[in-house]
Each structure stands twice: as structure tokens, then as C-alpha cells.
Amino acid sequence: MTINSRNKGASFEREIAKMLEDELGFKFKRDLRQYQAADYGDLITDDHFPFLIECKRYASGTGARESWWSQAVRAAKRTSQFPCVIYKYDRHEVRCVVPLNAIANALDLSTNNDHRVELAFSGFCYVARELIS
């Protein structure tokens, strides 16, 4: 990983931490253990939060990459949280990928599958608020 890409990723993590704080009222910070060991998310909070967050920022592409999702799933299993990939490509809005069962739990529905859903950032924050309450 080049220094520029590491700086771009760190900057995006700080941006998402601020956006989450503005939307949810929780203070998030970067988890620096992610650089020392595998299977750690990018953002952590001292508050109870249902998602392990993996942030990705790239110049171009379409949709969330399978490798990002796999990374988030592995780390989420370690913490017993739902995996979440928050990503952004240049000149596109922030997008969030979460498992369908997180939405079902937020709405008191039942589902038991490995499907996932891509949401706008505001939709992700809605689901997070419902799971927290």
C-alpha cells in the first residue's frame, strides 16, 4: 500500500467517523490495530454499536468488491457484530453494504440467509438507529 493510498484511506475513515457522529451521536475513532493484525474493522466506538465497519475509498469502480465484504465478514465474526462495508468512488455518493438479516432484525422480521443489501448512507444510519433502540 502506498503512502498516498494509506493517507486517502485514513482521511476517508475520519470523514465517515464524523458523518456517523453527526447522524447517530456516537463518537467513532480509527482502530489502529487494523495495521498491526488481521480481522479488525476500521472504526470503533465505546458505545454499543451493532456493526463492524470496514471503509474503502477508491477512484473508480462499481459496487462493493467481494474481497471487501469477505474482510468485513471475517472481522465481524470476531466481534459478534454485523459486517458493514462503507465505500465511495470519486464523484459518487457514499454507499453502505450490510447483511439482509441486519435489516430484518431492525424491522423485527425473521430471515436466515447470506444475502446482503446496498444502501445509501442515510439508509444505513436508519437501520443502525433501529438496531440500537
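**Notes on the helices, salt bridges and contacts**

1. T79 lies in helix α2. Helices here are DSSP runs of H or I with at least four residues, strands are runs of E with at least two, and both are numbered from the N terminus. At 27% relative accessibility, T79 counts as partly exposed. The C-alpha atoms of T79 and M19 are 23 Å apart, and the two residues are 60 residues apart along the chain.

2. A word on the source. This is a predicted model: local features need pLDDT of at least 70, side-chain atom pairs count only at pLDDT 80 or more, and totals for chains, interfaces and linings use all residues. Residues are numbered from 1 along each chain as its sequence is written, and side-chain values use heavy atoms, leaving out hydrogens and water.

3. The expected span is 1.5 Å times one less than the number of residues. Just after α2, S80 takes a positive phi of about 60°.

4. Which residues of α2 are buried? They are W68, W69, A72, A75 and A76. Seen down the helix axis, they fall within an arc of 135°, so they line one face of α2. The arc is that of the directions from the helix axis to the C-beta atoms. An α-helix has 3.6 residues a turn, so residues three or four places apart point the same way.

5. Helix α4 (residues 121-132) can be checked in the same manner. Its 12 residues should span 16 Å at 1.5 Å a residue, and its end C-alpha atoms are 16 Å apart, which agrees. F121, F124, C125, V127, A128 and L131 are its buried residues. They fall within an arc of 160° when seen down the axis of α4, so they line one face of the helix.

6. How many salt bridges does the structure hold? It holds 10. A salt bridge is a side-chain nitrogen of Lys or Arg within 4 Å of a carboxyl oxygen of Asp or Glu. Side chains of opposite charge can pair when their charged atoms come close.

7. Take E13 and R30. They form a salt bridge, with the closest N and O atoms 2.6 Å apart. The pair links distant parts of the chain, 17 residues apart: E13 is in helix α1 (residues 3-24) and R30 is in strand β1 (residues 28-30). E13 is buried, at 4% relative accessible area.

8. R74 and D39 form another salt bridge, and their closest N and O atoms are 3.4 Å apart. R74 lies in helix α2 and D39 in the loop between β1 and β2 (43-45), so the pair ties together parts 35 residues apart in sequence. R74 is partly exposed at 46%. D39 is partly exposed at 29%.

9. R116 forms a salt bridge with E66, the closest N and O atoms being 2.5 Å apart. R116 is in strand β6 and E66 in helix α2, so this pair ties together parts that are 50 residues apart in sequence. R116 counts as partly exposed at 36%. E66 is partly exposed at 48%. Salt bridges that share partners also join K8, R57 and D90 into one network.

10. Now two loop residues. H48 lies in the loop between β2 and β3. At 64% relative accessibility, H48 counts as exposed. Not counting residues up to four places away in sequence, H48 touches F26 and I132. Contact means heavy atoms within 4.5 Å. H48 and I132 are 84 residues apart in sequence, but 7.6 Å apart in space, C-alpha to C-alpha.

11. Leaving aside neighbours within four places in sequence, D31 is in contact with Y40, G41, D42, L43 and I44.

How values were computed:
Buried < 20%, exposed > 50% of the residue type's maximum accessible area, 1.4 Å probe, protein only.
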